[in-house]
Every structure is written in C-alpha cells, then in structure tokens.
Amino acid sequence: MTQKIPFNRPYMTGKELHYITEAKIGNMLAGDGPFTKRCHGWLENKTGCNKALLTHSCTAALEMVALLLDIEPGNEIIMPSYTFVSTANAFVLRGGIPVFVDIREDTLNLDESLIESAITPRTRAIVAVHYAGVACEMDSIMDIARRHDLKVVEDAAQGVMANYKGQALGSIGDLGTYSFHETKNVISGEGGALLVNDPALALRAEIIREKGTDRSRFFRGEVDKYTWQEAGSSFLPGELTAAFLWAQLEEAERITSDRLTIWQRYHELIEPLEAKGLLRRPIIPDTCQHNAHMYYILLAPEIDRQKVLDELKGNDVFSVFHYVPLHSSPAGKRYGRAQGDLEVTNRQSERLVRLPLWVGLTEAQQEKIINVLSDAVS
C-alpha cells in the first residue's frame, strides 16, 4: 500500500501533554496562568516587543488591533489582497474599508512602491502581511507611515522565528500579530498573540483583551478592584492552550532549523525544473531570514495548475494552492476597494502551488514529491 504524504502534519515535541497535566493539577485552567506568563516572557524576550499578549487566534489579535487603533466607519486600511480573510475582516467588523494594493513579483508581499498612491485623508493604517515568513520591505513601509502619520500593523501570522535585518517579524511596526494554528510552524492547535511595540498602546491592549476591564492591573495590585473601562472582549486563550504552546516555544529553534533543512532540500531538488522554465522557486531577499513556513512554486503560465494538483493527489501527494485574492471575492467587493488592477496578485495567485512541508518529512518523501511534480509539469 502506497504511503500518503499529507500536506501538513502537526508536530508535537513530546512535552505538550505533560505540561497540560501540570496545568490541570495546578487547577489553573482559565487564561493568564503560569504557562501564559511563560509564553509572554518568551515572546517579549525573543522579539523585543514592549508587551506580548496571547490570544485565542491570530484573528482575535487582529480584531484587538482594530479596537486599539480606534477604527471607525469609513476609515481606510491599506493591505494586500493576497492574504487570509482575517486581515480584512478585523477592520471590516469596525466599519473600516480595506484598500487592496498589489503585491511584488518576487516575495508576493505588499508592493511598498504602490502604497503612497493608495493613501487618502481617510487612511488610518498600513497592514504589512509577511507572506511565507518572508518580510515585507519594512524600512520603506515605516518611512511612508511616518511621513503620513499612519500606524503600521504587521500581520506576521506566518512569521514566528523569522526576521528582517535582524529584527523579529511582528516587532517592527506599532503592532504585530502571530498565529499558532496547527498549520503554522509553532502551534497550539488554535492560538495567536498580539505584540505591542508602541508602549502607549500597552495598557489599553490589556484592557481590551480582558473584556474591557482593568482586571490585569487588579491582579498586579495596582488597583483595589477592577471595573469596566472601555469596549473589549474575551480574547485570551485557556491555560491548557498556553501549556501546549509552551512545549512548542521551548523547541522553537530546533523546529525552525528542521524546517529550514527541508526547505533547502526542496530548493535544491527543484532547481533543474526552474532552469527549464517550468516553474519559479521562492525568492528570499538578502535582508530577510525566513522561517521555512512554506515551500511554494509558481508554475509557468502555460501549465494547468489543476492538472498538476490532480497528478500529485493521484500519486498520494497532497498539495494545495493558496488564497483566492480578497478583492475578487464577494465580500471583498462589498466591503473594500482595489487600488489599481492588481495584475500581479491575479497572475501569481493562479500559478502558485504549495508543497508538503512539516517536521519529519523525509528525504525519500521529498524525492517522490519532486519526481511526481517533474512528471506533471514536463
């Protein structure tokens, strides 16, 4: 029987259940217990952010961002169309208008050269989505934001353990967000984090995360009771989720190293296909240290992507394409607007194929994947 190669296989370090049991024995099941505090400390030390706050998803972290930035109906937020729906939804829920800007040919990240032409008097923020854990051109984006008095949000859902010019993704803009969904490198099943880099936003972030109350200050002994301070919601995860995540964060360096080895092996095996003009491999700028979140290829225009995916699946290799651009979706047309024709977004999104990548993927499995891919594109 042929062994199937899944697109993703969630990795466990071996300590997750031990820490979950430890949390249970300690009778700390609600959020913000000892494991949450360990995770916060790790994130703050690793990224250098002012404050890290675990959330129950990256979507929740982005929704906190919209509240922190006081997004109101009619405010515009510049972002790529080639991203997950949560990037836009978080702002749409507050009445904000996503303004979709085209992406770069090389990294598939927001094209920084097109941002200024999308700015209007209603613009409040720029969302830099670090696709595949490869950084946007943050120096340029931060400069534009400074000159136009805009906030910068890093959607670093795919960016844990990646950096730009030595700075951790998520720690460069005013606010950053991470995902620990089971499809990411470091996981907790569902989960996320908000990185607060602007100290002026730190206290409000705590309040918004705790149902709009100053509960965190109460537990630190800074106030004698906690009360409702402003609009918020319940954004924190339970302690069992944090316990699982702590086991992953402890091994984050090794997980990243293992994934980079697999990524590099793909890069070498696929080079001959790129040399024949059948596809394009990922491009990593010199300023970026990526985290091997994914390995994707861009098929030559004449190759039928669906046939390639079907051929892979027929040989028990499960690969996928990625986002349907938001500007072309029903909700994207209803809630947002496109700046320009987004030609690169449309073209690259129709060519992209993501290959299986998970800790434990063997050399033999990778060779099979590339052999099947080679037959499918030749």
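This report walks through some strands, salt bridges and surface features of a predicted model.

Let us begin with a sheet. Strands of a sheet pair through backbone hydrogen bonds, either parallel or antiparallel. Here, three strands form an open sheet in the order S7-S6-S11, and their pairing is antiparallel. Strand S7 (167–168) and strand S11 (288–289) each have a single partner strand and stand at the edges, so one side of each is left without a neighbour in the sheet.

Look next at how S6 and S7 meet. Strand S6 covers residues 163–164, and two bridges join S6 to S7 in the antiparallel sense. You can find one of these contacts by locating Tyr164, whose bridge partner in S7 is Gln167.

## A parallel pair

Now move to S4 and S5. Strand S4 (residues 123–129) pairs with S5 in the parallel sense, over five bridges. To see the two strands side by side, find Val127, which stands opposite Val153 in S5.

How many of the five residues of strand S5 are buried? Four of them are, so to speak, tucked away: strand S5, which spans residues 151–155, is mostly covered.

## Salt bridges across the chain

The structure holds 28 salt bridges. One of them joins the side chains of Arg209 and Asp32, at 2.8 Å from N to O. Arg209 belongs to helix H6 (residues 202–209), while Asp32 sits in the loop between helix H1 (16–25) and helix H2 (34–47), so this pair ties together parts that are 177 residues apart in sequence. Both Arg209 and Asp32 are buried.

A second pair to look for is Glu76 with Arg122, whose side chains meet in a salt bridge of 3.1 Å, N to O.

## A neighbouring pair and a network

Lys51, Glu206, Arg217, Arg220 and Glu222 are linked in a network of them.

## Charge on the surface

Which residues form a negative surface patch? Asp304, Asp310, Glu311 and Asp375 do. To place one of them, go to helix H13 (residues 363–377), where Asp375 is found. Asp375 counts as exposed, at 59% relative accessibility.

## A buried glutamine

Our last stop is Gln348, in helix H12 (residues 343–349). Gln348 has a relative accessible area of 2% and is buried. How far apart are Gln348 and Thr177 in sequence and in space? They are separated by 171 residues in sequence and by 25 Å in space, C-alpha to C-alpha.

Notes
Residues are numbered from 1 along each chain as its sequence is written. This is a predicted model: local features need pLDDT of at least 70, side-chain atom pairs count only at pLDDT 80 or more; totals for chains, interfaces and linings use all residues. Side-chain values use heavy atoms; hydrogens and water are left out. Two strands pair if DSSP finds at least two bridges between them. Helices (H or I, at least four residues) and strands (E, at least two) are DSSP runs, numbered from the N terminus. Patches are made of residues with over 30% relative accessible area and no salt bridge: like charges are joined within 9 Å, nonpolar side chains (Val, Leu, Ile, Met, Phe, Trp, Tyr) within 5 Å. Accessible areas come from the Shrake-Rupley method with a 1.4 Å probe; for residues, only the protein chains shown count as cover. A salt bridge is a side-chain nitrogen of Lys or Arg within 4 Å of a carboxyl oxygen of Asp or Glu. Lys and Arg count as positive and Asp and Glu as negative; His and the chain ends are not counted. The place of a charge is taken as NZ of Lys, CZ of Arg, CG of Asp or CD of Glu. Buried means under 20% relative accessible area, exposed over 50%, partly exposed in between (1.4 Å probe, protein chains only).
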